[in-house]
Amino acid sequence: MSSRLRLVLACLATTALLAPLAWLWAMSLMPDEYSVMDMGYADHGGGPATDDVAGHAGMHSAMQAGETSIVEMTANPNLPADVQMTLRAEQQEFELASGHEVDGYTLNGRSPGPVIRAEEGELVEVRLVNESVPGGVTLHWHGVDVPNAMDGVAGVTQDSVREGESFTYRFVADQVGTYWYHSHQLSHEQVQGGLFGGLVITPRRGEPADVDLPALVHLYDGHRTINGHEGDVPVEAMPGETVRVRVVNTDNGPMPVWVSGSSYRVVAVDGTDVNEPTPVNAQSVLVTAGGRADLEIVMPVNGSSVRVEMGGSAALVLGGKGPAVAAVEQPSLFVDPLSYGSPASLDFDPDEPMREFEYVIGRRPGFVNGRPGLWWTINGNMFPDVPMFTVSEGDVVRMRIENNSGDVHPMHLHGHHALVLSRDGVAATGSPWWVDSLNVEDGESYEVTFVADNPGVWMDHCHNLPHAAEGLVAHVMYAGYSTPYLIGGKGENKPE
Ligand code: C2O
Ligand code: CU
């Protein structure tokens, strides 16, 4: 063989090897600016493929005749505000209570931002002002099923708020419970850096606890904090008093919580009250990343203190005038919400789903936007080639979430609460277990159901926020609705 022929053959062989890779690389490139409606492919879940939905998802982004823009999905503008506040977002250095300096973000000069409290049925109006966050900001009301235009997702339900600009959120606080808010612009960076706060909605009737304490747990530069305080955080409580600790896990991974010096009850999960919660002893409760658990503790009458351990490196110390209780090791047994509490009747029939979706999470090598890596997959495909779960208003939807990816994923659906039906084929037998953030371990599968009763376009993503930034994001979209907002481009909307 001549050396020239050998060279040509070698070149051809190289091309044959590289061409498919180059093709995969080129196919993965994202346009500079795009609509979520152009992402991936429509998945109708076995339900009717209504024309207006079929036209979207991978086909075009322009609004079609007869469609409702999600911009219109707001609270009644004629309702006066009951709770009104302004939150000013800044990029700045701030100090934790211990003096540790954090280079991050604040709301009204502090992180976490203020806890917003509202009574059931009140209209909450929050004006977000971007004082100095160069990347832009938004506020998402995690766990609150707000009208779509108030959901705070940059490039999906609004444009990010640039420096010097403001945006006003309005919603009726009709869901009692523990929630939180955080930026949904560059969220993997901004939430970690402190751009979040608590939201508590209390019932109109009923006895409040003697001590009601939101506990936002967050890692700043690896320092675990409760409401910005490290280590043991003292809380006043008198013997015999009832304390409600509203644990909010604002981090990217699951957190075990346990109590020493008293039994406790898990009275709410993700904002929904548990039906007939029973006393728990020597068990941990796992709080999903982004999720919440409300613990109720009755202070011992002998005046001794009670410790609520948050992940093991920070704790609330309740009471404390009497003898101090010793910290105990984390109980290896966990409260299982699948069987905790008692069943209660539902106001819909979960056994007659109109659509059934699969959300199977895997991982494999490939390209996302031209970057090679080991990426998450949804139903076998990588971002942005992900399903657009399309529903019609009123549908009962069933979704099977399965995780074969080698890592845990806290799955978060916006705008809805889902009822857990089963885990690994074992049916739920306890209190109805409603979630907005579900901890799905590697190798686990869950069946959940929700009623499509909040029209718009909703994210359905992993709340380990770096995972979301790596493409573990899909959306639920209602037939007949469309969003005018775009991700990327000059608006620089970057929801993850
Ligand atoms: Cu807590 Cu999509 O967010
Ligand atoms: Cu994840």
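**Figure 1. Valine 259 and its bridge partner in strand S21.** In this predicted model, valine 259 has valine 308 of S21 as its bridge partner. Strand S16 (residues 255-260) pairs with strand S21 (residues 306-310) in the antiparallel sense, over four bridges; strands are DSSP runs of E of at least two residues, helices are runs of H or I of at least four residues, and both are numbered from the N terminus, while two strands pair if DSSP finds at least two bridges between them. An open sheet of eleven strands with mixed pairing runs in the order S18-S17-S20-S15-S12-S13-S14-S22-S21-S16-S19. Its edge strands, each pairing on one side only, are strand S18 (272-273) and strand S19 (285-287).

Residues are numbered from 1 along each chain as its sequence is written, and chains are lettered from A and ligands numbered from 1 in the order in which they are written. Because the model is predicted, local features need pLDDT of at least 70 and side-chain atom pairs count only at pLDDT 80 or more, whereas totals for chains, interfaces and linings use all residues, and side-chain values use heavy atoms, with hydrogens and water left out.

Figure 2. Histidine 409 belongs to strand S27 (residues 409-413) and histidine 467 to helix H4 (residues 465-469), so the pair ties together parts that are 58 residues apart in sequence. Both histidine 409 and histidine 467 are buried, where buried means under 20% relative accessible area, exposed over 50% and partly exposed in between (1.4 Å probe, protein chains only).

Figure 3. Rings of Phe, Tyr and Trp (its six-membered ring) pair if their centres lie within 6.5 Å, with planes under 30 degrees apart counted as stacked, over 60 as edge-to-face and the rest as tilted. The count by this rule comes to eleven aromatic pairs. Phenylalanine 196 and tyrosine 220 form a stacked pair, because their ring centres are 6.5 Å apart and their planes stand at 25°. This pair links distant parts of the chain, with phenylalanine 196 in strand S11 (residues 196-202) and tyrosine 220 in strand S12 (residues 211-220), 24 residues apart. Phenylalanine 196 counts as buried at 0% relative accessibility, and tyrosine 220 is likewise buried, with a relative accessible area of 1%. Tryptophan 433 and tyrosine 446 make an edge-to-face pair, at 6.1 Å centre to centre and with 75° between the planes. Here tryptophan 433 lies in the loop between strand S29 (426-427) and strand S30 (434-435), and tyrosine 446 lies in strand S32 (residues 445-451), 13 residues apart; tryptophan 433 and tyrosine 446 are both buried. Elsewhere, ring pairs join Trp141, Phe167, Tyr169, Phe171 and Tyr181 into a cluster. The charged end of arginine 363 sits over the ring of tryptophan 376, 4.1 Å from the ring centre; the criterion is that NZ of Lys or CZ of Arg is within 6 Å of the ring centre and within 35 degrees of the ring normal.

Figure 4. On a 1 Å grid over the protein atoms alone, a cavity is a set of points where a 1.4 Å probe fits but cannot get out, and lining residues have an atom within 4 Å of a point; grid points are joined across faces, edges and corners, and a volume is the space filled by probe spheres set on the points. The largest cavity is lined by 14 residues, of which Ile401, Met411, Leu413, Val448 and Asp460 are the closest to its centre. At least two lining residues each come from strand S26 (396-403), S27, strand S31 (437-440) and S32, and S27 gives the most, with three residues.

**Figure 5. Backbone features in loops.** Serine 111 and proline 112 are joined by a cis peptide bond with omega of about -5°, and proline 112 is placed in the loop between strand S5 (101-107) and strand S6 (113-119). Asparagine 227, although not a glycine, has a positive phi of about 50°.

How values were computed: On a 1 Å grid over the protein atoms alone, a cavity is a set of points where a 1.4 Å probe fits but cannot get out, and a pocket is an open set with protein on both sides within 12 Å along at least five of seven lines; lining residues have an atom within 4 Å of a point.
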